[in-house]
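Student: Can we go through this structure together? I'd like to start with helix contacts and then look at rings.

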Amino acid sequence: MLGEIEAATDAGAIEALRIEALGKAGSITALLKTLGGMNPEERQARGPEIHALRETVTAALAERKATLDAAALDVKLAAEAIDMSLPADAGPRGSVHPVSQVMDELAEIFADMGFAVATGPEIEDDWRNFTALNIPETHPARAMHDTFYFPDANAEGQKMLLRTHTSPVQIRTMMSQEPPIRIIAPGRVYRSDSDATHTPMFHQVEGLVIDRGIHMGHLKWTLETFLKAYFERDDIVLRLRPSYFPFTEPSAEVDVGYRHEKGRRVVGGNGDDEGHAWMELLGSGMVNRRVIANCGLDPDEWQGFAFGVGVDRLAMLKYGMDDLRAFFDGDLRWLSHYGFGALSVPTLSGGISA
């Protein structure tokens, strides 16, 4: 039996020998059963021999099984060896959201023109969001901005709301900083709109310049320079149409020329040329004297211009996105298609959207 155990070549053979010797009908089990029919003298003489045989066979089976298991493991390890010289598998990689990418692009462009980035709270008081901007409580312009109000007032008794534009950042800057001022104010804003091109929460960037002798020519040059750098084209043509905003006077809607290519709008060219058209892109104007005075500045000494545009809209136009709601769906397939590398920082020298 011990020889057969030593000659066993796999776990199956070991199990068969165990059953043959120690199973219910095994040879050693049968010897143990014979002890019950012996007299005391015989049982005392034969008992130790039979028990010793059982222990010897059990130990031999366990030792051979351990040897075979170790050998099998060595074979498996040799077959599954890891080549440490191979490159590691690439782990999951993040992606910059298009809105964040455009925010970075805007900051880079305007920084080159001497603008700083200013921020403010998204929960704003009624005075900075409306009244200081020449939109008193009964002004009809509030209907377009009616938004999400909070039930509690602030310490001054003013109503609190989710800001409807980043213009309150302009008010805070003019009240806390001496002119000259050159800022952009990017951030989230909130309005009660929802369709393919509007969402209750969206992103906006506004620009503000306050200095002496500022006029509409400065505004037009700034917008042309900005849009040429952003769309990375020299054929950007603007059309300024008279409009009305309570916080600017005079005010202008800014249109850009575009054409359709492969089912998408491509900004560039003169909107009056054949195959082209005009598209409204942003609002702008000279800062209203009342707004300047509300911030504690002398409008006879200081003048300025302001403009505002949706960041999401800029991203849609530049990168060919057709539905604003997809920005907030959290669909990884969409993000992998339109996302940007986490380490790809926009620079004017290397390419804004490189």
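**Helix contacts and rings**

Tutor: In H5, Val-99, Gln-101, Val-102, Met-103, Glu-105 and Leu-106 meet Val-311, Asp-312, Leu-314, Ala-315, Lys-318 and Tyr-319 of H11 (contact means heavy atoms within 4.5 Å; helices are DSSP runs of H or I, at least four residues, numbered from the N terminus). This is a predicted model: local features need pLDDT of at least 70, side-chain atom pairs count only at pLDDT 80 or more, and totals for chains, interfaces and linings use all residues. Residues are numbered from 1 along each chain as its sequence is written, and side-chain values use heavy atoms, leaving out hydrogens and water.

Student: Now rings. How many aromatic pairs are there?

Tutor: A search of the whole structure finds 10 (ring centres of Phe, Tyr and Trp, its six-membered ring, within 6.5 Å; planes under 30 degrees apart are stacked, over 60 edge-to-face, the rest tilted). Phe-110 and Phe-226 form a tilted pair, 4.9 Å centre to centre with 35° between the planes.

Student: Where do Phe-110 and Phe-226 lie?

Tutor: Phe-110 is in H5 (residues 98–112) and Phe-226 in H9 (residues 216–231), so the pair ties together parts 116 residues apart in sequence.

Student: Is Phe-110 buried or exposed?

Tutor: Phe-110 is buried, at 1% relative accessible area (buried is under 20%, exposed over 50%, partly exposed in between; 1.4 Å probe, protein chains only).

Definitions and conventions. Helix = DSSP H or I, 4+ residues; strand = E, 2+ residues; numbered from the N terminus.
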